[in-house]
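Okay, thanks for coming, everyone. Have a look at the fold on the screen, and then I'll walk you through a few spots in it.

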Amino acid sequence: QVQLVETGGGVVQSGGSLRLSCAASGFTFGRSTMTWHRQVPGKERELVASIQINGRNTNYADSVKGRFTISRDNPKNTVSLQMNSLKPEDTAVYYCNAKPAWGPLVYDYWGQGTQVTVSS
């Protein structure tokens with residue numbers, strides 16, 4: 001059974017930090033590109049950050065560069081998102097996603113999401 005379980009969301013004041021974690025099971029984590037997305041009601045889901053299987057190749061949305069850091073622990077099947085200098089516009093539901101790192105898109109897994117609220 002495939003599971004992606006996000007934790008770590010909550011309410012934080014502007015300028016604060018949160019660390020999101022995503023625990024994966026039921027598929028080959030070490031062969032998956034992992035990404036974090038976020039969504040605000042009424043808007044499309046936005047890609048926030050991605051990390052390749054080697055843990056070194058990462059990409060970020062311009063809006064979070066320099067503030068957010070994505071990382072992964074392949075032996076523990078987890079991916080994390082360290083969020084610093086949070087702004088009210090970072091308020092959203094954050095989702096973890098897994099796709100194959102290469103080849104056809106044979107799977108596209110999503111977690112249930114975790115709410116992040118940044119108060120001004």
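Predicted model: local features only at pLDDT ≥ 70, side-chain atom pairs only at ≥ 80, totals over all residues.

Let's start with asparagine 77, which sits in the loop between E7 and E8. On labels: helices (H or I, at least four residues) and strands (E, at least two) are DSSP runs, numbered from the N terminus. Residues are numbered from 1 along each chain as its sequence is written, and side-chain values use heavy atoms, with hydrogens and water left out.

So what is the phi of asparagine 77? About 55°, a positive value, although asparagine 77 is not a glycine. As a reminder, most residues other than glycine have a negative phi. Asparagine 77 counts as partly exposed because its relative accessibility is 24%. The cut-offs there: buried means under 20% relative accessible area, exposed over 50%, and partly exposed in between, with a 1.4 Å probe and protein chains only.

Serine 85 is another non-glycine residue with a positive phi, near 50°. You'll find serine 85 in the loop between E8 and E9, and it is partly exposed, with a relative accessible area of 42%.

Now, the disulfide. The structure holds 1, counting any pair of cysteine sulfur atoms within 2.5 Å. Which cysteines form it? Cysteine 22 and cysteine 96, with their sulfur atoms 2.2 Å apart. The torsion about that S-S bond is about -80°, so the disulfide is left-handed. This pair links distant parts of the chain: cysteine 22 is in strand E3, cysteine 96 is in strand E9, and they are 74 residues apart. Both cysteine 22 and cysteine 96 are buried.

Staying with buried things, on to the core. By nonpolar core I mean a set of buried Ala, Val, Leu, Ile, Met, Phe, Trp, Tyr and Cys residues joined through side-chain atoms within 4.5 Å. The largest one has 28 residues, and Trp36, Val79, Leu81, Met83 and Tyr94 touch the most other members. Elements giving two or more residues to this core are E3, E4, strand E5 (46–51), strand E7 (68–73), strand E8 (78–83), E9 and E11. In soluble globular proteins, nonpolar side chains tend to be buried together.

Take leucine 81. Skipping neighbours within four places in sequence, leucine 81 is in contact with residues including Leu18, Trp36, Val48, Phe68, Ile70 and Tyr94, where contact means heavy atoms within 4.5 Å.

Next, the rings. How many aromatic pairs does a search of the whole structure find? There are 4. Rings of Phe, Tyr and Trp (its six-membered ring) pair if their centres lie within 6.5 Å; planes under 30 degrees apart count as stacked, over 60 as edge-to-face and the rest as tilted. Phenylalanine 27 and tyrosine 109 make a tilted pair, 5.2 Å centre to centre with 55° between the planes. They come from distant parts of the chain, 82 residues apart: phenylalanine 27 is in the loop between strand E3 (18–25) and strand E4 (32–39), and tyrosine 109 is in strand E10 (residues 109–110). Phenylalanine 27 is buried, at 14% relative accessible area, whereas tyrosine 109 is partly exposed at 25%.

Tyrosine 95 and tryptophan 110 form an edge-to-face pair, 6.4 Å centre to centre and 85° between the planes. Tyrosine 95 is in strand E9 (residues 92–100) and tryptophan 110 is in strand E10, 15 residues apart.

Last stop, threonine 114, in strand E11 (residues 114–119). Buried or exposed? Threonine 114 counts as buried, at 10% relative accessibility. Away from its sequence neighbours within four places, its contacts include Glu6, Leu20, Ala92 and Tyr94.

That's my tour, so over to you for questions.
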